[in-house]
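Here is a short briefing to read alongside your structure. Take a look at the model first, and then we can walk through it together.

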Amino acid sequence: MKYSLTARCLVLGLSFFTLISCSGQPVSNASIEQCIGSFDTYAYSVPDKNSIGFKITHPLAPWQIETPLPEFANEKGEVLVEATRYVSDHAEIWVKISPSSNIYRNSDAKFYQFLVYRTDTKKWMSISAEVGESKVFVNNLYVAKDGSMWGSNVWDGLSDIARQPILSKYNEVNQKFELDQSTQEIPPAWRNPSPKSGNERPYWDEVLIDSNGIFWIFAQKDAIYSYDPIKQDIQRHAEISDRTIDQVVLAPNGSIYFRKHYQSAMRFAFEENELFHFFPETGKIEEVEIPHKRLPAGNILVDHTGRLWIDTVGWREPDGKWNIIYPNTWLYFWKMEWESDYRWATPNIILESSNGYIWYRGEKGMAWLDPKSMGGCWFTTENTNIVEDQQHNLWMVVDNKLYKYSLNP
């Protein structure tokens, strides 16, 4: 197993942590004042069990507050930046207000909405996440090649609602989402009855959009579909009737990696027969071999070079070679599996920005890693999401404020 050249050692000086590692590398393009600690401290240290918590640190420079969220923003659930797009000569920042459990309830329909910020007028507007009065809700957003805004649909898992289309499109004139009836033939979810309650738990489809504006829909326990919204054409490409899918990520060459719903009782491990590679041009699906048949769990992301990342654990080169940077996987599994000490959970990888940095979110907050130097910066204790716009500005919401970081100041 190959480890990074970053030094692994015990670090003193942060009294609220018991640390298992540190970085001998300088923090790239960031001063000490701009960081709570190094990337290694963020990624591989664990809070002291006796600690009552640590001081809240809002995003440090070069992050700047753009504007507070409007007064009509509610605090019911999560408030995260979901998407950005350019319309004419200005950008729109779409902020999603949704249930933190990601389970939508009809009784809370009025709370689910998108707050849209215009960078030219500096004003907000609110758009309902409910599609008309259908009790269907837009969950994830997708910006098409022509700039149109789309959403994948979900609804109350306890409702008896008939099959609805998997996609909706935003009507610019009415400022509402509308069901795309052309996608109604694609099953939107697989329902798994609970042996205890008898209630059916929905596993919603995984959806992404490629650089050509084609949607790829991984229909649970069914098949992989593509949908061309311009031609309104649906194609069925590969069978996945034996699997529920947990994550899908697009590679620069148009191929797609996806993760089968985890086999472990708890979601803390990547295991054999869980990670796959789909090739749209042939419809072929290949299993991706996991080193030592098991790795610490996490999100997956493919960067601009084609490297497949697993959180702070490491990456797989396009030629199949793995580089594992997690300092002690044995200790991780012991703490998580045998001691049920979930403080050891890995931060989640969420984004590669245009400058090549890899960004993470987790219980300890947010951090970035520069893969060239293997140095990085832990810059806030807040846990949120980050999205980059076409002008290379990063956006996120913290403490009901919209923050901005320009990569090209």
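What covers the buried residues of H2? The cover includes strand S20 (269–271) and strand S23 (294–296). Please keep in mind that this is a predicted model, in which local features need pLDDT of at least 70 and side-chain atom pairs count only at pLDDT 80 or more, while totals for chains, interfaces and linings use all residues. Residues are numbered from 1 along each chain as its sequence is written, and side-chain values use heavy atoms, with hydrogens and water left out.

**The chain as a whole**

- The protein chain has 2 helices and 34 strands; these are DSSP runs numbered from the N terminus, with helices being H or I of at least four residues and strands E of at least two.
- Of its 409 residues, 56% count as buried, where buried means under 20% relative accessible area, exposed over 50% and partly exposed in between (1.4 Å probe, protein chains only).
- Among contacts (heavy atoms within 4.5 Å) with a separation of 6 or more, 50% come from residues 24 or more positions apart.

**Helix H2**

- Helix H2 spans residues 329–338, and its buried residues are Thr329, Tyr332, Phe333, Lys335 and Met336.
- These residues lie on the same side of H2 because they cover an arc of only 165° around the axis; the arc is that of the directions from the helix axis to the C-beta atoms.
- On the other side of H2, Trp330 and Trp338 are exposed.
- At the start of H2, asparagine 328 brings a side-chain oxygen to within 3.2 Å of the backbone nitrogen of tryptophan 330.
- After H2 comes serine 340, with a positive phi near 50°.

**The disulfide**

- A search of the whole structure finds 1 disulfide, defined as a pair of cysteine sulfur atoms within 2.5 Å.
- This disulfide joins cysteine 35 to cysteine 377, with an S to S distance of 2.1 Å.
- Cysteine 35 lies in the loop between strand S1 (17–18) and H1, and cysteine 377 lies in strand S31, so the pair ties together parts that are 342 residues apart in sequence.
- The torsion about the S-S bond is about -120°, so the disulfide is left-handed.
- Cysteine 35 is buried at a relative accessible area of 12%, and cysteine 377 is buried at 2%.

**Aromatic rings**

- Rings of Phe, Tyr and Trp (its six-membered ring) pair if their centres lie within 6.5 Å, and planes under 30 degrees apart count as stacked, over 60 as edge-to-face and the rest as tilted.
- By this rule the count comes to 34 aromatic pairs.
- One of them is the tilted pair of phenylalanine 39 and tyrosine 42, at 6.3 Å centre to centre with 40° between the planes.
- Phenylalanine 39 and tyrosine 42 are 3 residues apart in helix H1 (residues 39–44), so about one helical turn separates them.
- Another pair, tryptophan 359 with phenylalanine 379, is edge-to-face, at 5.6 Å centre to centre and 80° between the planes.
- That pair links distant parts of the chain, with tryptophan 359 in strand S29 (residues 358–362) and phenylalanine 379 in strand S31 (residues 375–380), 20 residues apart.
- One aromatic cluster is formed by Phe39, Tyr42, Tyr44, Tyr326, Tyr332, Phe333, Tyr360 and Trp378.

**Charges over rings**

- Arginine 243 has its charged end over the ring of phenylalanine 276, 4.4 Å from the ring centre; the rule asks for NZ of Lys or CZ of Arg within 6 Å of the ring centre and within 35 degrees of the ring normal.
- Arginine 259 places its charged end over the ring of phenylalanine 270, 3.8 Å from the centre.

Definitions and conventions:
Polar contact = N/O pair within 3.5 Å; in protein donor to acceptor, adjacent residues only side chain to side chain.
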